[in-house]
Amino acid sequence: MTDVLWIAVFAILVAFAVPWFLWGDATVIAGLPVWLWWHIGWMAVASVVFWAFTNRAWDRGMGVKHG
């Protein structure tokens with residue numbers, strides 16, 4: 001079950017990494033296009049997810065025994 005959860009989380013990260021739904025939107029916030037703010041925020045989310053993955057599931061499927 002844990003493997004399926006991590007696969008789903010990474011699939012979501014990949015699916016929304018490119019803000020296709022913001023293509024053609026010329027909105028600017030604080031001097032930067034909104035799609036760039038999306039990318040900055042999404043990279044922050046991805047960093048937190050990768051951090052959690054390395055702390056909780058890095059050795060999944062590698063046959064590593066703990067304890």
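The dialogue below goes through a predicted model and the terms used to describe its residues.

Student: What should I know about the model and its numbering before we start?
Tutor: This is a predicted model, in which local features need pLDDT of at least 70 and side-chain atom pairs count only at pLDDT 80 or more, while totals for chains, interfaces and linings use all residues. Residues are numbered from 1 along each chain as its sequence is written, and side-chain values use heavy atoms, with hydrogens and water left out.

Student: What makes up the protein, and in which order do the elements run?
Tutor: The protein has two helices and two strands, and from the N terminus on the elements run α-β-β-α. Helices (H or I, at least four residues) and strands (E, at least two) are DSSP runs, numbered from the N terminus.

Student: Why is alanine 30 called exposed?
Tutor: Exposed means over 50% relative accessible area, buried under 20%, and partly exposed in between, with a 1.4 Å probe and protein chains only. Alanine 30 has a relative accessible area of 71%, and therefore counts as exposed. Alanine 30 is found in the loop between strand 1 and strand 2, and its phi is near 55°, a positive value in a residue other than glycine.

Student: Why is histidine 39 called partly exposed?
Tutor: The relative accessible area of histidine 39 is 34%, so this residue is partly exposed. Histidine 39 is found in helix 2, and its C-alpha atom is separated by 7.5 Å from that of valine 18, 21 residues apart along the chain.

Student: Why does threonine 2 count as partly exposed?
Tutor: Threonine 2 has 37% relative accessibility, and therefore counts as partly exposed. Threonine 2 is found in helix 1; threonine 2 and alanine 57 are 55 residues apart in sequence and 8.5 Å apart in space, C-alpha to C-alpha.

Student: What makes the eight residues of the largest nonpolar core a core?
Tutor: A nonpolar core is a set of buried Ala, Val, Leu, Ile, Met, Phe, Trp, Tyr and Cys residues joined through side-chain atoms within 4.5 Å. The largest such core has eight residues, namely Trp6, Leu13, Trp42, Ala46, Val49, Ala52, Phe53 and Ala57. Helix 1 (2–15) and helix 2 (34–56) are the elements that give two or more residues to this core, and helix 2 gives the most, with five residues.

Student: Which residues does tryptophan 42 touch?
Tutor: Contact means heavy atoms within 4.5 Å. Not counting residues up to four places away in sequence, tryptophan 42 touches Ile12, Leu13, Phe16 and Ala17. The buried residues of helix 2, among them Trp42, pack against helix 1, strand 1 (28–29) and strand 2 (32–33).
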